[in-house]
Amino acid sequence: MAEKSKSKFLAELKKEFSTFGLVLIPIAIGINWAGAFLVQSLKLPIWGDTIGTMIAAVLAGPWVGLAAGGLTNLVKNLTFDPIGAIYGIVNAVIGLIVGYMYKTGKFTEKSNWVEIFGTGLILAIVATVIS
């Protein structure tokens, strides 16, 4: 039983990290970086570094979202945000949650406002607890 679930998980990872998923990761990092840089430069009271993470999670899957989110904060740390790497786990978990919510049908292109609000609430609670 464990071997079957392990092989299913590995097949899922292989599907997510296809050429499409691998190309999407640096694109998502670029979107996140630009959003974070713009928000920080303009001193806006919002977070702009998860947009690409969510796009990657929806388009390629939760594990690609996790990779894009975590790597974003490492890039931010190396370029303009000296404490960016510390919050990498938050960005990575956001990618994982959004990907699984989309994958299980809880958050789709046909979702109503209650489902979207619920997903946002879950993300807010989890991100706050991890931070």
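## Largest pocket

Nineteen residues, given here as 19, line the largest pocket, and Trp47, Asp49, Thr50, Val90 and Ile94 lie nearest its centre. The model is predicted: local features need pLDDT of at least 70 and side-chain atom pairs count only at pLDDT 80 or more, while totals for chains, interfaces and linings use all residues. Residues are numbered from 1 along each chain as its sequence is written, and side-chain values use heavy atoms, with hydrogens and water left out. A pocket is an open set of points on a 1 Å grid over the protein atoms alone, where a 1.4 Å probe fits, with protein on both sides within 12 Å along at least five of seven lines; lining residues have an atom within 4 Å of a point.

The volume of the largest pocket is about 490 Å³, taken as the space filled by probe spheres set on the points, which are joined across faces, edges and corners. Helix 4 (62-79), helix 5 (88-103) and helix 6 (113-130) each supply at least two lining residues, and helix 6 gives the most, with 4 residues. Helices are DSSP runs (H or I, at least four residues), numbered from the N terminus. By type, the lining divides into 9 nonpolar, 7 polar and 3 charged residues; Ala, Val, Leu, Ile, Met, Phe, Trp, Tyr, Cys and Pro count as nonpolar, Asp, Glu, Lys and Arg as charged, and the others, Gly among them, as polar.

## Aromatic pairs

The structure holds 4 aromatic pairs (rings of Phe, Tyr and Trp, the last by its six-membered ring, with centres within 6.5 Å; planes under 30 degrees apart are stacked, over 60 edge-to-face, the rest tilted). One of them is the stacked pair of Trp33 and Phe37, at 5.1 Å centre to centre with 5 degrees between the planes. These two residues are separated by about one helical turn, because they are 4 residues apart in helix 2 (residues 19-41). Trp33 is partly exposed at 29% relative accessibility, and Phe37 is partly exposed at 37% (buried is under 20% relative accessible area, exposed over 50%, partly exposed in between, with a 1.4 Å probe and protein chains only).

Trp33 also forms an edge-to-face pair with Phe80, at 5.4 Å centre to centre and 80 degrees between the planes. This pair links distant parts of the chain, 47 residues apart: Trp33 is in helix 2 and Phe80 in the loop between helix 4 and helix 5. Phe80 has a relative accessible area of 18%, so it counts as buried.

The end C-alpha atoms of helix 4 are 26 Å apart, in agreement with the 26 Å its 18 residues should span at 1.5 Å a residue (1.5 Å times one less than the number of residues). Its buried residues include Val64, Ala68, Gly69, Thr72 and Lys76. The buried residues of helix 4 pack against helix 1 (2-16), helix 2, helix 3 (51-60) and helix 5.

Thr72 is buried at a relative accessible area of 1%. Neighbours within four places in sequence aside, Thr72 is in contact (heavy atoms within 4.5 Å) with Ile29, Asn32, Asp49 and Asn91. Asp81 lies in the loop between helix 4 and helix 5 and counts as buried at 13% relative accessibility.
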